[in-house]
Structure formats: structure tokens, C-alpha cells
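Morning, everyone. Please bring the model up on your screens, and we'll walk through it together.

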Amino acid sequence: MNSSAQIAERPYYKNLSVSFSPHTRSSVSTERIMWTVVACLMPSLILSMFVFGLQTLIITAVSVISCVMTEAISQKLLKRPITIHDGSAVITGVLLAYVIPPGVPVWMPIPGAIMAIFITKIIMGGLGFNVFNPALMGRALLMASYPVAMTAGWVTPIRDLSLGRYINAGVDAVSTATPLYVLKHYGLSGLIDKFGSLSTMYFDFFFGFSPGCIGETSACVLLVGGLILLYKGYITWHIPVSVIVSTAFFTWIFGGETYFSGDPILAVLSGGIILGAFFMATDYVTSPNEKRGQLIFGAGIGALTVLIRLKGGYPEGVCYAILLMNPLVPALDQWFRPKRFSEGAL
Amino acid sequence: MNQSFLGDSDLFTALKDGKVKNIANVLPDFPMGGIHPPERKELTEHLPIEVMPDPPQLTLFLKQHVGYPSEVMFNLISELHSPEYYLEDNICKDGACRLDTSEKKQVKAAELIGTTKNKIGASLHSGIDGIVDGVYDTIHPVLGKAPAIIVSKNGQQSSPSFTPKDWTKYSKEALLSKIKAAGIVGLGGAGFPADIKLNVKPNIFLDTLILNGSECEPYLTCDHRVMAEYPEDIIEGAKIILKILGITRCVIGIENNKPDAIKALEDAVANDPNKMGYDIFIQPLTVKYPHGSADQIMQSITDRIRPSGKRSSSIGIIVQNVYTTKTIYDAVALDKPFYERVVTISGRGIARQANLMVKIGTRLSDIVDYLGGTTSDLAKIVIGGPMMGVAVSSLNVPITKTTSGVLFLTREEIGDDQKYGPCIRCGFCLDACPMGLEPNNIGIYVEAGRGAECEQFGFSDDCFQCGSCAYVCPANRPLVQFIGLARIKVEEAKKKEEN
């Protein structure tokens, strides 16, 4: 058979891609999502520098650098591809710093970063396979290992722009009490006394002029970041709304001296509810995929937060509430499957 | 027999009153999943259909459709040898005979060169006046190599002429045999022989014909141009199909981004001198990918959902592509076989974009030469649309009956398609999948070597490879291919269990 002579063959193109369909892709990549989240978290850091001093910037920088370094070194040692460019270690670093009090020693995030990145994420299989939220596992380790620094490192908000005030001041020199601590031990009236009036208190909480962790105090700037993520479609409303509604609801029922007399606004604005609802509970890897599962997940976080705040040993409970709901995620994904197309058939 | 289907009676009453398009300005839509990729139809949507001159050579695959390969016409085989000669050493594995080049035979344009016996298959016609060189294993975009008849042009540009005849007197059987003789297959991409699809058993209840003009794939505009330029032919074709099916109502669904096509077809329906008692409606649809999938367009227009694993006729509907309808009109009224089709040549990697009328079997190299060559930043050649098409590495592959477009894409248009990362469980694919499957979990299971357990994540038969999941995946994961692999693994596991 002399076939080849019959067909005028054309030379093959060089460097032509012959990959699988689809041949067009949405421009939203893992990197873009991660770095957008980092950008949405930045306003909180800027605000905290003015409220708690430059100390917060140093702690955040130490946290981010140690998270990225931990990821790079552990992936190198385990001979896995190094993925620090995807931004997920940076998010973990920022979030870890945000749930640490501003008055702690600057080396404090390092053991937390090793826990968060190496133990919680890399050993479990890397990005996409961790069961627990890495930043919160880092915080849980710090809470267990350095309880004094982690519960006494609160600083009084600065209102005169003296940014350098607390640098290397030492825990004892700066400590004050967090609102939730006051609320737990002195009641709502004790807390209002501290702020002057109820409206001043709401104002200070909303804009972030209250003692607390580095990135959690200002509901206002966190909401801006969270709403950008919602607008971009990177997160859906289901988890943040269910966390906030459930916290407000259970606080309203059980949070006061009698039933149905708690202060839901205070409960949502104080502590890490907004940060947790928009940036931690919505972590893709450690939250359910299906919308009904997400609603139950968020509601569970709210309920556990209120339980810990009211009955537990700690004044704040968002961190442990999320960590307790994380292992339920595979079960929620099993129970709630997306509706199949042909299920609607007659 | 269930003689009525719930959920759509109001729609058809409203359509009869000419109202549906205006109901609260909400267009029919399918509720689950779907994506909005950049359309990029502006490159070609205003370009009229342009006839490309005959290429020097045609490559006609024996199998361009669902079913058995066409068989080479016996009169093309040399009488020097007995038929057994070809069965013994020159036979292709598919049963088609190979010819020696010494047996060159003269053919005219539109002449039958491949035929099908009483089984699922389609006839094949030469598009040019020329010589049959033989049957050779030729480069194929999917199969690697496949047997094809090679026809070389001799002499002049062919110009077969056809005159319209009155088809209304033909019986159903006569209409079907004309469609079969013309070798028409579904042009929406599936390539199922049209005569077999339309030959519905009499005990199946049908009430609606849907003509699919949504053309939801980005870039492609061939159906759009055919609708805009041959609306009367499509309406006549619709009437032919309605006559074959023995039903009276037909809805032509068109995505709302083709206002000129909608207008042209509406005018054609309004000015039709002989409506023959049929109700033909034009229904604009929401612009959303994949609206052109049969399941989605049926649900969108009639609210009926096809049960998994059953045909659309089980819910009383036949879906046919608008361009197929036009070729059916050509076959029946003009006796014109299906040997040429409109193909969208688009993308920024070619010197000139066009909606080209080309002979089936024309090689891409001839099209590229005709349109002035490729640009230097060409990065990918895709046969079909960008969502479901096949990338090819060579210009030697030919246009087949189901090729709706050839895209010459630059790096900028395709982005980074080389690497993919781990699943970050964002769940975007769950929101994008029109069939309610779980591509994320199927991908993770397949990567872990547990593809056989994937039936829990949705009936793998339901995936029609629309690519919506992979389009939205931020980690660039090849989810369509993972699902395809899972399907194979599930079938393997089932076979093992049976044995």
C-alpha cells in the first residue's frame, strides 16, 4: 500500500498544546482566591496598628513568615512540591496573628505556626486534606502552652496615635481585661460602666476600640472584607449568616439574667464572631460543600460558642466552637448531597 | 399509556397567545447549575456564510457518526478481484474494504461513495468531482488513526444543482428513506443518524418537537448564521419532521443573544404560506451554558425532566438541532445529500475568521491556506467548541459531519492549561454542574485509585462532559476526565461482580 504518497502531509506545529477540554477556563484560580482573602484581611491589620500599636504589625509579620517558612521547609523535607506561592500559608499566618492578643512576646506565633502548618496541614496531606482549621489549631496550641500570656496579653486601645507604645512592654505592663472577661465576671452592667454608656460601647465595639485579639476587634473593617468576598462569589452567605444568627439567637435566650434577656448585638460584636464567621468558618477545606450542610455547620458554631462563653472556663468560645465542628464536616457532606438532576423526573 | 405530561400546559397556551416571551421579562431557564463563559461570538456572528472553493483532496472517514462505519460502494471496488480478496488481507478491522490506488474510480460531486445496510449507520457522499484514491488509515482527532476514503479533485470546481420539489405529498416512509439516503446525522455534536432518531416506534407517545438553536458553546456561530440566512428552510424542515413524527407542535429554542436569528425565524413563521396545521413557536432562552444540552433545553421549555438512562422520547419530546433540520429540508425537498456544511472558523490565532461552507472531508490545512494562514502566537487548535471540543496537533485532520467549528486559539485565550493543583473543596463545581453531580469528590476518589466507588456521587451516565465543573475549578483540575475515568472504573467493577 502506497498511502503516504497520496496524502500531502503538513508539518506538525511546534509548541501546540493538545490538553483536554474545556479549552477555556475561568480566571478565578486558587492563587487569586487566596490572595484576595489576604487582601480582604489587611484593613484589620492597619486598624489594629492604630488601636494597639506597631506591636501588632511585628507579631503578624513573625506569624506570616514563620508559617511560610514552616511550609517551605516541611515540604522540602518531605520531598513534596513547594506551594508557598498559592497564598494559603500566608492566610494561615495572618489569621493566626489575628487570634493572638497584641501584648504577647513577638516570638509567640512561631510554635503556633509550626502546629498550624506542619502538624495540622502538611502531615494531613497538604492543602485540601486538613480536617481542622490550621490557624485555630495554632491558637489552641498556644492557649494550652502559654495560658498566662494568651489570656493576659490584652492592651488598652490607644486613642492618641502613639503607635510605638506597647513594643516590648512585657505582658505585665500592659494587661487589661477583655470585654467578654468583664461580661463573664462582672455582668453587663459592669461592662457598660467600663465604656461609659451602652451606645458608646456599641460604637467602640463596631469600630474596634475595645481590648481583644489583634484582628478580631473591629466588626466594621472585617465586614468590609467579608462583603468583598461575598460579592466576588468566593464565599456564600450561608456560613457567615448562620454563625451570626445562631450566636445572636442563643445569646438572646440564655445570655441574660433571665431567659430571653441576653444582648445579641453585644454577643455578635464582641470576641471573634465576625472574624470567625467570615474568614475562619468559611475556610473551604474545613467547611461543608453543600448549602444545607453549611447552614447546620454555622448554626452549630454559634450554639457551641454561646455554650462555651456562658458555661465554659473561657470567656471566648469561637475558636473551640469551629474546631469542634470541623470534624463533623465529612459527616455533613455525607448526609447532604446535592440534588441530582434526574431526581426531579416524574 | 400516559397521554399527558404535567407542568407544561400553561406554557403552550401562553405560547399560542404569543405571550411567553413577555412573562415578567423572564426567559425560560434551567434551574440547576450552568456557567457564563465569555461568549467571544462577536468574532464571527456578523459574517455571512462564505462558500469555500473545492479543496484538492477530501478525507472522508468511514465512521463520522454513531453506529457502524459506512461501507465503500461496491462499484468503486475493482472487479479484477473477487469480494473475498478484500475480506482476507486488505480488510480494515471495521469491515470496510481498502482499495489499491491502481483502482482509481471517477466520482461526481454529491455521488454516493459509502453506504449503510439495514443497521445504524449513515451514507457518505463525495463533495467534489474527482477520483477515489482508496481507503487509508488516516490521522483522526480522537482515535489516532481511522480508515477514510481519499478523493482527489480532478478538473473544475464542482457545481451540482438542485431544484426544490413539493415534498408534502411524500409518505412518512418516503421522507425517512430520503433522509437516510442523504446521510444526515445529528449536527449538534452527537452524530446520531437522523433517520433512526426520527423513526420513533408507534407505541411511544410524543407531543413536542424541540428544535435546538441555542448554540451555547462560546465562539461557535454556524447555527446562528444558518438560522439568520435560511429561516424558511428550517421552518420547512420542522414541518417535515412534524409530519414524520405525526405531531403538531414544535418549539424552536434560541438563546437570547441571537436577536437577528430570532427575528428571521419569527418572520419566516409569520409569512409561511402553507402552515399545514402545525404550531411552530420561536422561544428565546436565557443565555447560559449549557443551554444547548438536550436535558437542559427540554427542562427549560417544557419543565419535563428526563429520567436517568432513558431517552428523551420517554417524556414525549424529540430534540433536533436547527442545522440538522435545514439539512433534512435539503435532503427531502432538493434531494441534496449531506456533503457540505457550515463550519465556524474562529479564534485569534488565524488571519481571518469566517463562517465557511466547506465540503465534508476538507482538511484543516486547506482551510488555513484559504483564510490566509495562522498567526505566530497560535497555541491550540480545537475541533468543536472550547468547552467540549478536541484539541488536535496537526492540520492534516479533516472536517467531519459533526464538526461545527475549528478554533485557532492563542495563549491569551486559553490561559494556563498545563498544571493542576489539589482540590481546595471550594464547591464551585457543585454549583456549576447542571446534572447535580459531585465532580470534586469524584476527582479526589479517582486520584486515590478508588474510582469504582464513585457511583455515590451521582449517576455517571448523567455526565455529558459539558465541562462546566472544570471551567470554574480554581485549581484547574481535569474534572471531566476524572468523571470519565470513574465511569470506566464503575463499569469494570460491575462486570467483575457479575463474573
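Let's start at one residue. Thr178(A) sits in the loop between helix 8 (171-174) and helix 9 (179-195) of chain A. Helices here are DSSP runs of H or I with at least four residues, strands are runs of E with at least two, and both are numbered from the N terminus.

Some ground rules. This is a predicted model, where local features need pLDDT of at least 70, side-chain atom pairs count only at pLDDT 80 or more, and totals for chains, interfaces and linings use all residues. Residues are numbered from 1 along each chain as its sequence is written, while chains are lettered from A and ligands numbered from 1 in the order in which they are written.

An unreviewed UniProt entry lists Thr178(A) under "modified residue: FMN phosphoryl threonine". UniProt positions are given in the numbering used here, feature names are shortened, and annotations may be inferred rather than shown by experiment.

Is Thr178(A) buried or exposed? Thr178(A) is buried, because 20 other C-beta atoms lie within 10 Å. The cut-offs are these: buried takes 20 or more other C-beta atoms within 10 Å of the residue's own, exposed takes 12 or fewer, and partly exposed falls in between, with C-beta atoms placed from the backbone.

Which residues does Thr178(A) touch? Leaving out residues up to four places away in sequence, they are Trp154(A), Pro211(A), Gly212(A) and Pro315(A). A contact means that two C-beta atoms, placed from the backbone, lie within 7 Å.

Now all of chain A. Chain A has 17 helices and zero strands. Its C-alpha trace spans about 100 × 60 × 30 Å along the principal axes. Of its 346 residues, 50% count as buried. Take the contacts in chain A between residues at least 6 apart in sequence: 72% of them join residues at least 24 apart.

Next, the transmembrane regions. The unreviewed UniProt entry places them at residues 45-70, 106-124, 136-155, 205-230, 237-254 and 266-285 of chain A. Let's look at two. Residues 45-70 of chain A are 92% helix and 0% strand, with end C-alpha atoms 22 Å apart. Residues 237-254 of chain A are 94% helix and 0% strand, and there the end C-alpha atoms lie 25 Å apart.

Chain A also divides into domains. Domain 1 covers 30-152 and domain 2 covers 179-334. The bounds come from an automatic or database domain assignment. The C-alpha centres of these two domains of chain A lie 20 Å apart. Between them, 32 residues of domain 1 are in contact with 28 residues of domain 2. On the domain 1 side, the elements giving two or more residues are helix 2 (30-52), helix 3 (55-77), helix 4 (88-98) and helix 6 (134-145) of chain A. Helix 2 of chain A gives the largest share, twelve residues. By class, that side has 23 nonpolar, eight polar and one charged. Nonpolar means Ala, Val, Leu, Ile, Met, Phe, Trp, Tyr, Cys and Pro; charged means Asp, Glu, Lys and Arg; the others, Gly among them, are polar.

On to the meeting of the two chains. Here 60 residues of chain B are in contact with 37 residues of chain A. Strand 15 of chain B gives the most to the chain B side, with four residues. That side divides into 35 nonpolar, 16 polar and nine charged residues.

Now chain B itself. Its domain assignment gives domain 1 (1-52 + 160-415), domain 2 (57-153) and domain 3 (428-498). The C-alpha centres of domain 1 and domain 3 of chain B are 28 Å apart. In contact there are 14 residues of domain 1 and 15 residues of domain 3 of chain B.

Chain B has an open sheet of four strands, in the order 11-10-9-12, with parallel pairing. Two strands pair if DSSP finds at least two bridges between them. The edge strands, strand 11 (279-285) and strand 12 (317-321) of chain B, each pair on one side only. Strand 9 (208-212) and strand 10 (249-255) of chain B pair over five bridges.

One last stop: helix 8 of chain B, residues 294-302. Nine of its nine residues are buried, so this helix is largely enclosed by the rest of the structure. Asp303(B) follows helix 8 of chain B, and its phi is positive, near 65 degrees.
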